[in-house]
Amino acid sequence: MVEGYCVTCKQKGVKIKNPVISKTSRGGFIAKGICSKCNKTKVCAMMSKDNAEKAIKSGDAKKGY
Ligand SMILES: [Zn+2]
């Protein structure tokens, strides 16, 4: 499960719906998707390489890089 901060819900740890993980220019990993609580706000979350690969492998997130 991939979680991030939603600015609409003002809540940390909201589940990101259909997250896609991409790489940043600095070699980090970032997951982007829609907040599963309000279903409208884009939520991003920085991820470690380990967590990003784990989420992709388990099918929680799509690989976008
Ligand atoms: Zn939200």
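Helices (H or I, at least four residues) and strands (E, at least two) are DSSP runs, numbered from the N terminus. With that settled, here are some notes on the structure.

1. **What kind of model this is.** This is a predicted model: local features need pLDDT of at least 70, side-chain atom pairs count only at pLDDT 80 or more, and totals for chains, interfaces and linings use all residues. Residues are numbered from 1 along each chain as its sequence is written.

2. **Overall layout.** The chain holds one helix and five strands, and along the sequence these follow the pattern β-β-β-β-α-β. The chain is as compact as a globular protein of its length, because its radius of gyration is 11 Å, close to the 11 Å that the globule rule gives for 65 residues. The radius is taken over C-alpha atoms, and the rule is 2.2 Å times the number of residues to the power 0.38. The C-alpha trace spans about 30 × 25 × 15 Å along its principal axes.

3. **Burial and contacts.** A residue is buried if 20 or more other C-beta atoms lie within 10 Å of its own, exposed if 12 or fewer, and partly exposed in between, with C-beta atoms placed from the backbone. By that count, 26% of the 65 residues are buried. Contacts need C-beta atoms, placed from the backbone, within 7 Å. Among contacts between residues at least 6 apart in sequence, 43% join residues at least 24 apart.

4. **Strand 1 with strand 2.** Two strands pair if DSSP finds at least two bridges between them. Strand 1 (residues 3-6) and strand 2 (residues 11-23) run antiparallel and are joined by three bridges; glycine 4 has valine 14 as its bridge partner in strand 2. The two strands form a hairpin with four residues between them. Lysine 10 lies in that loop and has a phi near 50°, a positive value in a residue other than glycine. Lysine 10 counts as exposed, because it has 8 C-beta neighbours inside 10 Å.

5. **A closer look at glycine 13.** Glycine 13 belongs to strand 2. The C-alpha atoms of glycine 13 and glutamate 3 are separated by 4.9 Å, although the residues are 10 apart along the chain. Is glycine 13 buried or exposed? Glycine 13 counts as exposed, because it has 10 C-beta neighbours inside 10 Å.

6. **Two partners for valine 20.** Strand 2 is joined to strand 3 (residues 29-35) by six bridges, running antiparallel, and to strand 5 (residues 62-63) by two bridges, running parallel. Valine 20 stands opposite lysine 32 in strand 3 and opposite lysine 62 in strand 5. The hairpin of strand 2 and strand 3 has five residues between the strands, and glycine 27 there takes a positive phi near 90°.

7. **Strand 3 with strand 4.** These strands pair in the antiparallel sense over six bridges, with alanine 31 opposite alanine 45 in strand 4. Their hairpin has six residues between the strands. Asparagine 39 sits in this loop with phi near 60°, a positive value in a residue other than glycine. Asparagine 39 is exposed, because 9 other C-beta atoms lie within 10 Å.

Terms used:
Contact = placed C-beta atoms within 7 Å.
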